[in-house]
Amino acid sequence: MATGLLSTREFNVSKREKFSEWYNTVIYAADLVDSRYNVQGFLVHKPWATRLIRGLYSLFEPELEKDGHEPVVFPTVIPKENFELEKEHVAGFVPQVFWVTRGGEEEFARPLALRPTSETAFYQMFALWIRSPADLPLKLYQSCSVFRYEHETLPFLRGREFLWIETHDVFATEKEARAQLLIDSAIATRVLTEKLGIPLMAFLRPQWDRFPGGLETVAYDVLMPDGKINQVGSTHILGQNFTKAFGVKWTGGDGKEQFPWSTCFGPGIWRMAGALVSVHGDDKGLILPLPVAPVQVVIVPILKSEEKRKEVLDYCLNLQGHLRTHGLRAKVDDSNKSPGFKYNYWELKGVPLRIEVGEREVAQNKITIVRRDTREKLVAESAHAFKHVEEIGAKILDSLRAKAEAELKERITTSATDKRQVKAALDSKGGFVRVAFCSIAMDGEPCASELQEFTQGGKVRGHLLNKKEKPDASEKCVVCGKKAHEIAYVAKQY
Ligand SMILES: [Zn+2]
């Protein structure tokens with residue numbers, strides 16, 4: 001695996017034919033990360049990736065705040081006894097926990113976990129803060145990294161430390177908790193699909209695949225170019241499990257103890273970065289939609305004669321000022337490299353729009369705008385640069401989205417009626433296989449296990465959250481052949 005910065009000339013891998021090699025090359029070639037830090041599985045995020053990730057946070061956080069969430073910063077460490085209060089949760093997470101066992105020379109009597117997720121930190125405090133229904137709803141979020149002891153790691157897809165947002169919401173009633181699930185799913189869809197052009201499939205996960213300690217899990221799946229699925233986030237209905245375990249309660253008028261309901265939502269910022277790189281990129285590198293591109297417009301001066309040099313550069317700087325005044329992240333690349341080198345470099349970085357300015361443009365008060373995705377060129381009046389950038393930026397996003405949606409549609413197989421056909425579809429084109437399935441309640445688990453083994457990794461993702469699909473009365477489960485109660489989707493995952 002490549003680890004350091006490659007020169008742009010070395011980047012020439014077919015994404016379609018060799019996705020894994022493409023991915024492992026582009027993340028280093030575009031200088032997103034460096035994996036040479038000397039603790040395995042921990043990654044250094046370089047400025048371009050850091051800005052991209054900040055861009056993702058800046059799309060999600062206002063959406064959460066509009067929905068009434070407040071930001072908090074909780075401790076990174078969680079005492080072991082907090083974990084042990086919810087027994088399914090501890091069983092689910094402890095194999096992945098990093099433990100801090102010493103401070104200086106002193107051994108701790110109780111080890112501290114580096115948070116793998118923070119329910120057990122938040123509920124500790126919720127027990128102190130929530131005393132009556134008047135304290136609810138309580139909706140908090142934190143933007144942070146979490147730690148999991150993973151054995152196989154892949155940048156932006158699986159890591160020992162990764163970045164996300166976690167919300168922790170508490171409600172007086174079950175109804176409000178269930179309503180929050182739909183709000184979370186709408187936020188995930190709005191950000192991913194509308195602002196980033198990445199289509200999502202939201203699934204109610206099978207009961208055997210829910211969050212440890214939760215009642216129900218909805219997860220947001222993105223199709224990657226190799227046909228495998230990248231789960232970019234999830235919402236869990238925790239019921240009263242955590243509020244009961246941590247004593248978050250009040251006494252009602254009838255003298256009985258009341259326990260509120262709760263939910264949590266984890267937009268996987270890191271995995272979204274992986275999705276952005278993969279879904280939109282091409283053989284020239286990244287293609288970033290305008291809302292998250294660290295540089296949205298790069299302005300490349302084409303300097304030919306020495307006497308016009310200053311005039312061309314000033315023209316570029318004026319243009320940069322004009323675009324920045326309108327709130328765009330514009331940048332003049334006035335380095336000593338050739339224009340051709342600069343084109344390749346910024347294409348590799350995924351900058352959505354390039355403006356070329358040569359002597360002819362200056363003489364005519366024009367600019368040449370080039371789209372990163374299609375490389376179409378448009379010569380326009382310099383005075384209207386902002387309007388054009390805005391319009392073309394929107395077109396790029398629409399076209400990236402349409403392309404990704406078409407790819408997803410093409411990779412949903414609907415014709416499989418037995419497990420051999422499911423396997424054949426997964427082997428030939430990956431993606432999702434839509435099947436009749438007996439049940440996503442616990443009694444369907446043996447069929448799911450059998451299918452996963454038979455297809456070498458095809459997992460039952462659950463049924464669609466937003467589309468009521470039911471099998472016909474005559475349809476049979478693709479595995480056991482008994483009456484099907486569900487339309488489920490099967491896919492291989494990261
Ligand atoms: Zn079955």
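Two strands pair if DSSP finds at least two bridges between them; helices (H or I, at least four residues) and strands (E, at least two) are DSSP runs, numbered from the N terminus. The model is a predicted one, in which local features need pLDDT of at least 70 and side-chain atom pairs count only at pLDDT 80 or more, while totals for chains, interfaces and linings use all residues. Residues are numbered from 1 along each chain as its sequence is written.

**Exercise 1.** Determine which strands pair with E9.

*Solution.* Step one: E9 (residues 201-204) runs antiparallel to E10 (residues 216-223), and four bridges join them. Met201 stands opposite Asp221 in E10. Step two: E9 is also joined, by two bridges, to E22 (residues 459-464), again antiparallel. Here Leu204 has His463 of E22 as its bridge partner.

**Exercise 2.** Classify the packing of H9 and H12.

*Solution.* Step one: H9 (residues 309-325) and H12 (residues 385-410) pack at about 60°, with axes 9 Å apart. Axes are lines fitted to C-alpha atoms, for helices over the stretch in contact, and angles run from 0 to 180 degrees between N-to-C directions. Step two: angles under 35 degrees count as roughly parallel, over 145 as roughly antiparallel, 65 to 115 as roughly perpendicular and the rest as oblique; the two helices are therefore oblique to each other. Step three: Leu319, His322 and Leu323 of H9 meet Ala385, Phe386 and Val389 of H12, contact requiring C-beta atoms, placed from the backbone, within 7 Å.

**Exercise 3.** State how the protein is divided into domains.

*Solution.* An automatic or database assignment supplies the bounds: domain 1 (8-280), domain 2 (295-394) and domain 3 (412-491). The C-alpha centres of domain 1 and domain 2 lie 39 Å apart.

How values were computed. Contact = placed C-beta atoms within 7 Å.
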